[in-house]
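The report that follows is meant to be read alongside the sequence and the coordinates. Please keep both at hand while going through the sections.

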Amino acid sequence: MKYIKPYNNTKEKKTQIINMFNNISETYDLLNLMLSFRMDYIWRKKSIRHIKNNPQKILDIATGTADFAIMATKYTKAKIIGIDISNKMLKIGNKKIKKYKLSNRISLKLADAEKLPFKSNSFQAITSGFGVRNFESIETGLSEMYRVLDKEGVLVILEPSKPSIFPIKQLYNIYFTYILPLLGKIISKDKNAYRYLTNSVNAFPTKKIFLNKLKEIGFNKCKHIPLTFGIVSLYIAEK
Ligand SMILES: C[S@@+](CC[C@H](N)C(=O)[O-])C[C@H]1O[C@@H](n2cnc3c(N)ncnc32)[C@H](O)[C@@H]1O
């Protein structure tokens, strides 16, 4: 995924990703709601429900504006740490945490998923929503997840994917290639960000390859669950 970058310049992918999410942070939540027809809420809820090991501590990787972390407070009793490399996404996340009076449950930290500032075996569950695609190296990010996850801990990852059933595939292709980038460009005012979304989803490993990566890193019980006709993939694994 190193070569799929948002902007047409020579800066390394990580710098471009930070710039992009800082740029779109103010409109991110609104566009998420609009472009997914509010299904993003349902996808996160379904994912959290797979965490059944009563975790004390959850790490939400690429937490952005903290929606996954906020959802986790509803269905677990855990303390949640959310990390992200975009300070502006975290700023909005922090405002929401304050608004919903969740400061005693969630804390946010500026950190890189590919170099996590935590000891090994620290968390009983890890969540990551729509973040993995943006890593410079998926393998490094997944290895870090494995390292900080406690033994028998649960990993849940959400990523957009391409449906394969007729006519959803064809309709979704039109929406995802033409309508979504246009709406994204008009509302976020960043002409590249939502084009990058389409390109990076197209370049993301297939479910078979991604499940193999998880297994190679050491995860057990790796599972793929398609959500909403396969427009989103939920991956579940255990350490
Ligand atoms: C599409 S947003 C997802 C936000 C949130 N998880 C959600 O479900 O809405 C992707 C997030 O991944 C973050 N991100 C990308 N690469 C990262 C990395 N290497 N380490 C930490 N966060 C990263 C971005 O800054 C951005 O906030």
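Predicted model: local features only at pLDDT ≥ 70, side-chain atom pairs only at ≥ 80, totals over all residues.

V132 belongs to the loop between β4 (123–129) and α5 (138–148), and, leaving aside residues up to four places away in sequence, it touches I138, G141, I157 and E159. The C-alpha atom of V132 is separated by 12 Å from that of D84, a residue 48 positions away along the chain.

The loop between β4 and α5 also holds F130, whose phi is near 60°, a positive value in a residue other than glycine. F130 likewise counts as buried, since 22 C-beta neighbours lie inside 10 Å.

## The buried side of α5

I138 and G141, both touched by V132, are among the buried residues of α5, together with L142, E144, M145 and V148. These residues cover an arc of only 155° around the axis, and therefore they sit on the same side of α5. The elements against which the buried residues of α5 pack are β1 (57–61), β4, β5 (149–160) and α8 (207–217).

## The shell around the ligand

The ligand is surrounded by 21 residues, of which A62, G64, S86, A113 and G129 are the closest. Two or more residues of this shell come from each of α1 (13–35), α3 (67–75) and β2 (79–84), with α1 giving the most, namely 3 residues. By class, the shell around the ligand is made up of 10 nonpolar, 7 polar and 4 charged residues.

## α1 against α6

Apart from its share in the shell around the ligand, α1 also meets helix α6 (residues 168–188), the two axes coming within 10 Å and crossing at roughly 145°. The crossing in which α1 passes α6 is right-handed. On the side of α1 the contact is made by I24, T27, L30, L31 and L35, and on the side of α6 by L180, L183, G184, I187 and S188. Sorted by class, this contact of α1 with α6 has 7 nonpolar and 3 polar residues, and no charged ones.

## α7 and its two faces

Helix α7 (residues 193–203) has A193, Y194, Y196 and L197 as its buried residues. Because they cover an arc of only 145° around the axis, these residues are placed on the same side of α7. The cover over the buried residues of α7 includes α1 and α6, the pair of helices whose crossing is described above. On the face of α7 turned away from its buried side are the exposed residues N202 and A203.

Which residues are joined by a cis peptide bond? The bond in question joins F166 and P167, with omega at about 0°, and P167 is found in the loop between β5 and α6.

In the loop between α6 and α7 lies K189, which has a positive phi of about 65° although it is not a glycine. K189 counts as exposed, since 12 C-beta neighbours lie inside 10 Å, and a residue with 12 or fewer falls into that class. F130, for which phi is also positive, counts as buried on account of its 22 C-beta neighbours inside 10 Å.

Terms used
Residues numbered from 1 in each chain as written. Near = placed C-beta within 6 Å. Helix = DSSP H or I, 4+ residues; strand = E, 2+ residues; numbered from the N terminus. Nonpolar A, V, L, I, M, F, W, Y, C, P; charged D, E, K, R; others polar. Contact = placed C-beta atoms within 7 Å. Buried ≥ 20, exposed ≤ 12 C-beta atoms within 10 Å, placed from the backbone. Arc of directions from axis to C-beta. Axes fitted to C-alpha atoms, helices over the stretch in contact; angles between N-to-C directions. Left-handed = near helix turned anticlockwise from the far one by under 90°.
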